[in-house]
Amino acid sequence: MKKEDWKDKEIRKLLQEMPKVTDEIPKVILYEQISKKLTDDKPAKNQKIKLIPVFTTLVAIFLLSVIPFLINDRNQIANNYALDYKDMENTNESTEIMISEDSLEKSGEESTIADYHDSTELEMGDLETIKDSNVVHSVGNDSSIVFAAVADKQFQYVIPVSFIVPNKNSLNENYKQLDNYMKEEGFSSEYLFEGASYEIEPENKEVKIQLPTNFSIDSSAEANLFKDIIQTMFSPYGIEKAVLISEGEEPIDLGPIGQINELRIQESNKASYKLYNSEYLVPVPHQLENNISDAIMEMKNSEEAFNLTKTIPDSIHFSVESFDSELDLFYTGDSVIEETEESITMIEAILMTAKSYGFETVRFNEMGIDAIGHYNMNEPIQVPTAVNPIVK
Amino acid sequence: MEPVFDQFYEKYHQDLFQFVFYMVKDREVTEDLVQEIYIKVLKSYSSFKGESSEKTWLFSIARHVTFDYFRSQKRKRNRIMDFFDWGEKGESIPDQNAKPEELAIQSDELRRIYQLLDKCTVDQKSVLILRFIQSFSVQETAKILNFSVSKVKTTQHRGLKALRKHLDEMDQKGTEK
C-alpha cells in the first residue's frame, strides 16, 4: 500500500500491531543455563585469591636466590634490598586490598568492583602498579577509612586524604588519633583543625566538632575552606549536619561567613580532579550548572600558580556520553595511549571527577589498550570509595 | 529454583524477551542477552532498593545490557573497518552479524516498520518499542531509560518523524518505479 502522507497516528497503530514475540526455551532449561553461568563464574574468583600469595612467595624466593650473587657489590645489595623490601611491603598491602574487594563482591554489594579482575595478567599488573594508585575502591573488614582533609599552601583548595587504619577502634576513637596522623605525615600547618575533637553520630547524621580555644580563622581564604574541609571529611559517612562547639561561650566566628553554630553538609561538590604537587588528587570545585563534559575539559588545564597540574594530557580527547549512573567516554584522540603513571593518574582523576558528578561507574571506550594499571578498559569501572590513601 | 528468578520470570519474562528481541532482532542474541539480564538481576537483587518498581528496574537492566551489546558491536565493526582501511567503502560494509529476518511478518506495512526501526537512533528505537510495542506508559519509559518525561515525548516525536520520513521516501521510490 502506498500513501502520500503517513500520519503519526497510523504509524503508532502499526507499531501496536507488531507481532508478539515469545521465548520458546522452557523455563527450566533457561534457569539451568543461568545457574551454570553463575556457578562457572565462582571457581575463577577463588583461583584468583590463591594466586596472590603464590606470586608473593615467588617474589620472595627469587630475591633470596638473587641476593648472594650480588654480594660483590655491597652498595648495590643495600640499594636493591631496600627497594625490593619496599616492593614486598607494597605487594602485601595490595594483596589485602584486592582480597577485600573480592569478598565485597561475594557479599553481593558491588558486583562491578571486581569486574576488572577478570584475568590473571591483570592481577599481576595490580601487584606492580597499585602502589602508584591515588585511590581506594574498598578496604577489608580489618581496616577502616578515616576521611580527612588539609588545605593547600595558599589556602585555595582542599586536599582530601584518606587514612587507612586497622579496624581496632570505633570511628570516633580513630578520629581522636587524627592530630597524630597529621603530624606523622607532616601536615600540621595545612590541617586547620588541630586540637579539635569530633563526635560522629551516624544515626542522627550529625557530627559534633569541638574546636580548641585558640581556634581562629585568619583570612577569608581560610574561612571559605572551613566548610569545604568539613564536608570532605564527613559527607562520605552520610553526615548531613555539623554542630560546632567552641570552648568559649561565643559561637564560632568564621570571619566573612559570620558567627555560626552549625553547618549543613552536602553530599558532594561537583569538581574536576587535578594533581597537586605531583602527589595528591585535588578537587577543583565547579558551579552547580556545570556538566560532566565541562568537568572533563577543565581537567586539561593546569593552574601553575597553585601547583595544580592537568590530569588529562593535551593530546587526549574524549567525547562524553552518559547512561543512567554510568559515564561513557569515547577516546577520539590520535595519539596512542600507553600504560604509564600519567595514564593511571588520568583514569583515577576521571573516576573521582565522575564520582563528584554522581556517576557510579565509568566506561572507557575505543582506548586501544586493554588495561591501564589494574583498570580493565573493556569493563565499566566503579568509582572509588576514597582518594589519596595513606596506610597507617 | 531461585525464588527471585521465578518471580521475575512469571511476571515479566515474555515482555522482557520481546523487548530485547525487537531491539537486537536476533533470536540467538536475544537468548544470550536475556540470560545475562537474569544473572545481573540475581546478583544485584539484594541491593534493589525498591525506589523504582521491579518492572522498571528489570527493564532498565535490560536496557543497559542491550546498549552494552550495541557498543560491543560498534567496536567490533570499527576494528574491522580500521583493519581493511577501506575509507568511504568501509561505511557500506554490511553488519557482519546481519541475518535473514527471524520474524515472519505477513503484512507489507508491518514488515516495513520493522525494517525501518533500525533507521532510528537507539534512543528513538527504545522509546518506540517501549511505548507502542510494549505499551509502557511515558512515566515507565522515562524511568527505564533514565530520561525526563519531556525527553521521552521529544524522542518519541522524533522517532515517529524518522519513520514517517523513511516511509514517505520508500513510497516515493515505489511510485517512481
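A: In chain A, three strands form an open sheet in the order 11-10-12, with antiparallel pairing. Strands here are DSSP runs of E with at least two residues, helices are runs of H or I with at least four, and both are numbered from the N terminus; two strands pair if DSSP finds at least two bridges between them. This is a predicted model, in which local features need pLDDT of at least 70 and side-chain atom pairs count only at pLDDT 80 or more, while totals for chains, interfaces and linings use all residues. Residues are numbered from 1 along each chain as its sequence is written, and chains are lettered from A and ligands numbered from 1 in the order in which they are written.

Strand 11 (280-285) and strand 12 (308-309) of chain A stand at the edges with a single partner strand each, so one side of each has no neighbour in the sheet. Strand 10 (residues 271-276) of chain A is joined to strand 12 of chain A by two bridges in the antiparallel sense, and Tyr276(A) has Leu308(A) of strand 12 as its bridge partner. Helix 9 (residues 341-356) of chain A packs on this sheet, where it touches strand 10 and strand 11 of chain A, and its direction makes about 145 degrees with that of strand 10. Contact requires that the C-beta atoms of two residues, placed from the backbone, lie within 7 Å; axes are lines fitted to C-alpha atoms, for helices over the stretch in contact, and angles run from 0 to 180 degrees between N-to-C directions.

Chain A also has an open sheet of four strands, ordered 4-5-6-9, whose pairing is mixed. Its edge strands, strand 4 (197-201) and strand 9 (262-264) of chain A, each pair on one side only, and neighbouring strands of this sheet are turned against each other by 20 degrees on average, direction ignored. Strand 6 (residues 241-246) of chain A runs antiparallel to strand 9 of chain A and is joined to that strand by three bridges; Lys241(A) has Arg264(A) of strand 9 as its bridge partner.

In helix 7 (residues 138-145) of chain B, the buried residues are Thr141(B), Ala142(B), Lys143(B), Ile144(B) and Leu145(B). After helix 7 of chain B comes Asn146(B), with a positive phi near 55 degrees.

Helix 1 (residues 3-24) and helix 6 (residues 122-133) of chain B pack at an angle of about 140 degrees, with their axes 10 Å apart. Phe19(B), Tyr22(B) and Met23(B) of helix 1 make this contact with Lys125(B), Ser126(B), Ile129(B) and Ile133(B) of helix 6.

How values were computed. Buried ≥ 20, exposed ≤ 12 C-beta atoms within 10 Å, placed from the backbone.
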